[in-house]
Amino acid sequence: MSTVPALFLSHGAPPLVDSELWVSQLQRWAADLPRPTAILVVSAHWESAPLTIGSTTTGTPLVYDFGGFPRRFYEVTYPSPGAPDLARQVAALMPDDERVVQQPHRGLDHGAYVPLTVMYPDADIPVLQISLPSLDPERLLHLGRRLRPLREQGVLVIGSGFTTHGLPFLRDPRPEAPAPGWSAEFDHWTAEQLARGDVDALLDFRHRAPGMPYAHPTVEHFAPLFVTLGAADEPGRGIDQVVDGFWMGLAKRSFQVA
C-alpha cells in the first residue's frame, strides 16, 4: 500500500468548476497521486469545537453552504461511500484530553465536495469530513501530526481552504480579474515560506505576512494549511507547490507534502 501525500487545496466557490485551467490542474494532480483508500477532509467551511466527525454513512445529502449561484450548483451530487472505519481510527488517534463528538447527519460541504467532483468524479472512494476544532495554527499543526499515520494506510488527508480570501475587498468580480496588491503580496510571501520550509513564519502569518488583514480578514481559509503541514513526515520539507495563479484576484496556490 502506497503512502499518499497530504494536500492543501484552494478549493474555490462552486463556479470554479467552470474554470478549464483549474479543472485541468486538479485532474492532472489527482492522476499523479496514488489512488487513495479513503479521503479525509478538513474544510474552512466547518468550524466546530470540540473536534466533530461528520456523517460516516453513504447517502448523506451535501451541504450547499453558499448563496446567489445558478440553480445547477444546488443540484450537484457526490454519493461517495461512507467511511465508518476511518471515523473510528480518527477518534482513536486523538489524545485522551481531546473530546470527539459525532454529527451523523452532517454531509460534505462545498470545501470538500467541489474539488472532489473534479479530482475523483466517480465518487467511489470513501470520504470523511472532520471539523476545524480551532483556528490556532499550533493546535492545527498538532492535529495534522495526529492524522499523519493514516497516510501510511493510503488515506488522502486534505486541508481545504484558500491561500487568500479577502472577499470584502474585491472590486472586480470577473474570474480573470487581476490580483489586488494585498492578494499578490500575501501569495508571494506564502510561496517563499513554503519553498524554504519556514513553518515558524507561516505559523505567525497574522503578524509577518504582507497583505494582512486584507488577504484574510477572517482566517478560517488559511487554517487548514496547518493541518496539511502537520500531516507531513517532516513539516517544512518535501513541499511541492502544484497549483498557483489567481481566480477573481484570489490566490489558488495549492501544494502537497510528503
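Trainee: Is Tyr-214 buried, partly exposed or exposed?

Mentor: Tyr-214 counts as partly exposed, at 42% relative accessibility. Buried means under 20% relative accessible area and exposed over 50%, with partly exposed in between, using a 1.4 Å probe and protein chains only. Please keep in mind that this is a predicted model, in which local features need pLDDT of at least 70 and side-chain atom pairs count only at pLDDT 80 or more, while totals for chains, interfaces and linings use all residues. Residues are numbered from 1 along each chain as its sequence is written, and side-chain values use heavy atoms, with hydrogens and water left out.

Trainee: Which ring pairs with Tyr-214, and why is the pair edge-to-face?

Mentor: The partner is Phe-169; the ring centres are 4.9 Å apart and the planes stand at 75°, so the pair is edge-to-face. Rings of Phe, Tyr and Trp (its six-membered ring) pair if their centres lie within 6.5 Å; planes under 30 degrees apart count as stacked, over 60 as edge-to-face and the rest as tilted. Phe-169 is partly exposed too, with a relative accessible area of 28%.

Trainee: Where do Phe-169 and Tyr-214 lie in the chain?

Mentor: Phe-169 is in the loop between β6 (155-161) and α5 (181-196), and Tyr-214 is in the loop between α7 (205-208) and α8 (224-230), so the pair ties together parts 45 residues apart in sequence. Helices (H or I, at least four residues) and strands (E, at least two) are DSSP runs, numbered from the N terminus.

Trainee: How many aromatic pairs does the structure hold?

Mentor: There are 15 aromatic pairs.

Trainee: What does Leu-229 touch?

Mentor: Leaving aside residues up to four places away in sequence, Leu-229 touches Leu-141, Leu-194, Leu-202, Pro-235, Ile-239, Phe-255 and Val-257. Contact means heavy atoms within 4.5 Å.

Trainee: And the charged side chains: how many salt bridges are there?

Mentor: The structure holds 12 salt bridges, each a side-chain nitrogen of Lys or Arg within 4 Å of a carboxyl oxygen of Asp or Glu. Arg-35 and Asp-124 meet in one of them (3.2 Å, N to O). This pair links distant parts of the chain, 89 residues apart: Arg-35 in the loop between α1 (20-32) and β2 (38-47), Asp-124 in the loop between α3 and β5 (127-132). Arg-35 is exposed at 54%, whereas Asp-124 is partly exposed at 39%.

Trainee: Are Arg-106 and Asp-109 buried or exposed?

Mentor: Arg-106 counts as buried at 11% relative accessibility, and Asp-109 counts as buried at 0%. They form a salt bridge, with the closest N and O atoms 3.0 Å apart.

Trainee: Finally, how many helices and strands are there in the protein?

Mentor: The protein has eight helices and 10 strands. Buried residues make up 55% of its 258 residues.
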